[in-house]
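Dear colleague,

Please find the structure below, handed over for your study. My notes on what was found in it follow directly after.

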Amino acid sequence: GGWVNRLKLYFDSKGDFSVDVYNCGISGDKVADVLKRFEVEVTARRPDQIILAIGINDSPHLAHPFGTKLEGFEKKYKELLKKAKKFTGNILIVGLTNVDESNKLHGYKNEKIEKYNEITKQTAFEENLPFIDLFESLSIDEFEDGLHPNSKGHQKIFEKVKESLIR
């Protein structure tokens, strides 16, 4: 399982069944996609806390060669946070990870991803929200395919998110 599943298993292992963890991520989603379905999903779950980890698919890559324009990404990201704050002030922002550029399968570039990561980081700072900086935290041996973390990479992300949550 990925880092979100590990988070769920962590709370289950503590016997804290009052904590429900939902992974609402959809592979390939961009911030505009999340924004379209956000209110329906959050209304159905009524979370006490929201963890947002979105943005890497907005950066240019083979399937989305021009990416989401940075200004558009920032506007939609801030709109997403505004909607999230209607449900809870307890929001955690998980930054974007780097990729292994030597694996050309997906065509992501770290210098491009970093620009989107900076927007999420700056927005978290402006909104006084906690931010987990993951950029440059994964090593080549922590990727499945150059983009997606393998078990070791998911464990590293899980540990950072868990540490932030239990503070």
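Lys78 counts as partly exposed, at 31% relative accessibility; here buried means under 20% relative accessible area, exposed means over 50%, and partly exposed lies in between (1.4 Å probe, protein chains only). Lys78 forms a salt bridge with Glu126, their closest N and O atoms being 3.2 Å apart. A salt bridge is a side-chain nitrogen of Lys or Arg within 4 Å of a carboxyl oxygen of Asp or Glu. This pair links distant parts of the chain, with Lys78 in helix H3 and Glu126 in helix H4 (residues 110-126), 48 residues apart. Glu126 is partly exposed as well, with a relative accessible area of 44%.

Please note that this is a predicted model, in which local features need pLDDT of at least 70 and side-chain atom pairs count only at pLDDT 80 or more, while totals for chains, interfaces and linings use all residues. Residues are numbered from 1 along each chain as its sequence is written, and side-chain values use heavy atoms, leaving out hydrogens and water. Helices (H or I, at least four residues) and strands (E, at least two) are DSSP runs, numbered from the N terminus.

The whole structure holds twelve salt bridges. One of them joins Glu41 to Arg37, with the closest N and O atoms 2.9 Å apart. These two residues lie four residues apart in helix H2, which separates them by about one helical turn. Arg37 is buried, with a relative accessible area of 17%, whereas Glu41 is partly exposed at 21%. Salt bridges that share partners join Asp29, Arg37 and Glu41 into one network.

Helix H2 (residues 31-45) also has a kink of about 50 degrees, centred on Phe38; the bend at a residue is the angle between axes fitted to the seven residues ending there and the seven starting there. After H2 comes Arg46, whose phi is positive, near 50 degrees.

Which residues of helix H1 (residues 3-13) are buried? They are Trp3, Val4, Arg6, Leu7, Tyr10 and Phe11. Seen down the axis of H1, these residues fall within an arc of 160 degrees, so they line one face of the helix; the arc is that of the directions from the helix axis to the C-beta atoms. They pack against strand E1 (50-52), strand E2 (91-94) and helix H5 (151-166), where contact means heavy atoms within 4.5 Å.

Yours sincerely
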